[in-house]
Amino acid sequence: MLPPASLSALVDASASAIKNLLPHVAPPRLGFVLGSGLGFLVERFENSFSLPYAQIPHFATSSVQGHEGKLVFGLLCKIPVVALQGRSHAYEGVAPWHSAFPSRVLCRLGIEALVLTNAAGGIEADMRPGEFMAIVDHINFSGANPLTGPNDPSLGPRFLDLSRLYCPHLLERMRKAAKACAVPLREGVYAMMAGPAYETPAEIRMLRMLGAQAVGMSTVYEAMAAHHMGTPVAALSCISNLAAGLAPLLSHSEVMQTSAQAAAQFCALLEGFVHTFKGAHL
Ligand code: HPA
């Protein structure tokens with residue numbers, strides 16, 4: 001299913017509905033998309049208010065365990081932020097433009113940067129579950145593109161330049177945050193596969209040869225949609241498991257368990273990142 005020609009009007013409608021439902025929340029400076037099992041960041045928010053996606057017009061709801069389906073506003077390190085606690089994925093049958101739609105709404109709410117997070121399989125031989133990787137680039141192997149269909153020029157250009165999709169300035173802030181809280185941070189290329197099945201060992205060998213360090217089923221569409229609207233993007237993978245062929249078995253419960261164990265470091269890293277926004281606008 002293609003996006004409507006008036007995608008901008010839908011984005012506006014969702015953003016206005018959110019403002020009407022929560023008229024007292026401060027305009028958020030940063031937006032987060034919290035991936036599989038990583039929704040616990042919202043527990044660190046002060047003065048939080050949440051809205052189930054079902055109450056927001058045009059939001060798809062996620063059916064995946066570990067994806068709450070709530071929009072949460074609050075203060076993180078005293079900075080107003082908003083988080084999508086859970087996302088819908090193309091493998092659930094949601095159109096690519098639609099799975100990126102909530103991220104577009106966050107951009108419309110005026111955030112200065114969008115921070116995408118995910119659980120991902122580690123492809124590098126020396127990676128260990130629980131490690132973190134800042135995404136510096138991606139390979140879109142999903143077979144689809146969220147910008148396919150009519151382009152609404154009021155949102156962004158028809159032919160989008162992806163040369164600097166993951167903002168180098170935000171990456172530098174992430175490096176500083178990692179250093180400050182002594183959390184080791186890798187950097188690498190994220191390959192997006194369509195899912196929902198995990199990859200075969202042969203596919204992982206192929207991805208390694210092509211230069212990917214981590215693999216997952218999300219993030220790329222949201223990154224492209226935000227970039228399309230001119231919002232700077234940072235992205236962080238929690239390596240939840242070794243990719244197929246590198247470990248005996250793969251399961252969603254392992255992904256969820258590792259994410260939960262990585263909670264403290266994940267929160268420290270993102271809080272450190274948010275801290276760099278104190279006073280300073282991007
Ligand atoms: N492959 C694809 N998606 C994933 C993985 C994986 O190994 N782990 C978490 N999400």
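**Figure 1. Solvent exposure of A144 in the predicted model.** A144 has a relative accessible area of 27%. Because this value falls between the 20% limit for buried residues and the 50% limit for exposed ones, A144 is classed as partly exposed. The residue lies in a loop that runs between strand 6 (132–140) and helix 4 (168–180).

**Figure 2. Surroundings of A144.** When residues up to four places away in sequence are set aside, A144 makes contact with P96 and Y221. A90 stands 54 residues from A144 in sequence, and the C-alpha atoms of A144 and A90 are 9.1 Å apart in space.

**Figure 3. Fold and dimensions of the protein chain.** The secondary structure consists of eight helices and nine strands. The radius of gyration is 17 Å, close to the 19 Å given by the globule rule for 282 residues, so the chain is as compact as a globular protein of that length. Along the principal axes, the C-alpha atoms occupy a box of roughly 50 × 40 × 35 Å.

**Figure 4. Surface and charges of the protein chain.** The chain exposes about 11,500 Å², of which carbon and sulfur atoms supply 57%.

Definitions and conventions. Residues are numbered from 1 along each chain as its sequence is written. This is a predicted model: local features need pLDDT of at least 70, side-chain atom pairs count only at pLDDT 80 or more; totals for chains, interfaces and linings use all residues. Side-chain values use heavy atoms; hydrogens and water are left out. Helices (H or I, at least four residues) and strands (E, at least two) are DSSP runs, numbered from the N terminus. Buried means under 20% relative accessible area, exposed over 50%, partly exposed in between (1.4 Å probe, protein chains only). Contact means heavy atoms within 4.5 Å. The radius of gyration is taken over C-alpha atoms; the globule rule is 2.2 Å times the number of residues to the power 0.38. Accessible areas come from the Shrake-Rupley method with a 1.4 Å probe; for residues, only the protein chains shown count as cover. Lys and Arg count as positive and Asp and Glu as negative; His and the chain ends are not counted. The place of a charge is taken as NZ of Lys, CZ of Arg, CG of Asp or CD of Glu.
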